[in-house]
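Open the structure in your viewer and keep the selection tool at hand. This tour goes stop by stop.

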Amino acid sequence: MYAKYDIVYVAQTVSVRLSKESLREVDGLAERLKTDRSEALRRFIERGLREAKIDDALDRLRRGRVSIGRAAEDAGITLYEMLEFVRRHQIPSGYGPEDLERDLRALGRRG
């Protein structure tokens with residue numbers, strides 16, 4: 001006997017107040033994207049959420065609260081993507097000159 005389970009995601013409706021200017025911009029972009037206002041807003045919110053998660057992870061990384069790996073995981077991106085953000089935002093990686101010297105000494109002992 002086999003059972004089939006369907007996963008159903010229920011979307012919730014949320015009300016947001018936008019200025020007339022913002023609404024005109026949303027409608028203009030929606031038209032250019034060949035979609036309706038709701039779908040355009042959904043896309044914009046999802047993109048904004050992704051950016052907000054990355055910004056938050058970078059901030060916590062900058063303050064030394066998380067590792068690069070944890071920051072990437074929390075932001076929902078790969079480690080390589082996080083390393084690129086770290087480079088672009090010039091965030092110290094936590095790997096300093098002392099670490100380099102230690103690693104070079106360790107390599108010298110092996111060679």
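What follows is a walk through salt bridges and a surface patch in a predicted model.

**Stop 1: the whole structure**

Show all charged side chains. How many salt bridges does a search of the whole structure find? The count is 12. Side chains of opposite charge can pair when their charged atoms come close. The next stops visit some of these pairs.

**Stop 2: helix α1**

Select residues 20-32, which make up helix α1. Now pick out glutamate 21 and arginine 24. Their side chains meet in a salt bridge, at 2.9 Å from N to O. Both residues sit in this helix, three residues apart, or about one turn. Are the two partners buried or exposed? Arginine 24 is exposed, because its relative accessible area is 53% and the cut-off for exposed is over 50%. Glutamate 21 has 40% relative accessibility, so it counts as partly exposed.

**Stop 3: helix α2**

Move on to helix α2, residues 37-62. Select glutamate 39 here. Which residues does glutamate 39 pair with? One partner is arginine 42, with a salt bridge of 3.1 Å, N to O. Arginine 43 also forms a salt bridge with glutamate 39, and the closest N and O atoms are 3.3 Å apart.

Look along the helix at the spacing. Arginine 42 and glutamate 39 are three residues apart, about one turn of the helix. Arginine 43 and glutamate 39 are four residues apart in helix α2, so about one helical turn separates them.

- Glutamate 39 is partly exposed, at 26% relative accessibility.
- Arginine 42 is partly exposed, with a relative accessible area of 44%.
- Arginine 43 is partly exposed, with a relative accessible area of 37%.

**Stop 4: a network**

Select Asp56, Arg60, Arg70 and Asp74. What links these four residues? They are joined in a network of salt bridges. Display the side chains of Asp56, Arg60, Arg70 and Asp74 together to see the network.

**Stop 5: a nonpolar patch**

Select Val14, Val16 and Leu18. These residues form a nonpolar patch on the surface. Together they have about 290 Å² of accessible area. Centre the view on valine 16, in the segment before α1. Valine 16 counts as exposed because its relative accessibility is 59%, and exposed means over 50%.

Methods
Residues numbered from 1 in each chain as written. Predicted model: local features only at pLDDT ≥ 70, side-chain atom pairs only at ≥ 80, totals over all residues. Heavy atoms only, no water. Helix = DSSP H or I, 4+ residues; strand = E, 2+ residues; numbered from the N terminus. Buried < 20%, exposed > 50% of the residue type's maximum accessible area, 1.4 Å probe, protein only. Patch = residues over 30% accessible without salt bridge, like charges linked within 9 Å, V, L, I, M, F, W, Y side chains within 5 Å. Areas by Shrake-Rupley, 256 points an atom, 1.4 Å probe, with all protein chains shown as cover.
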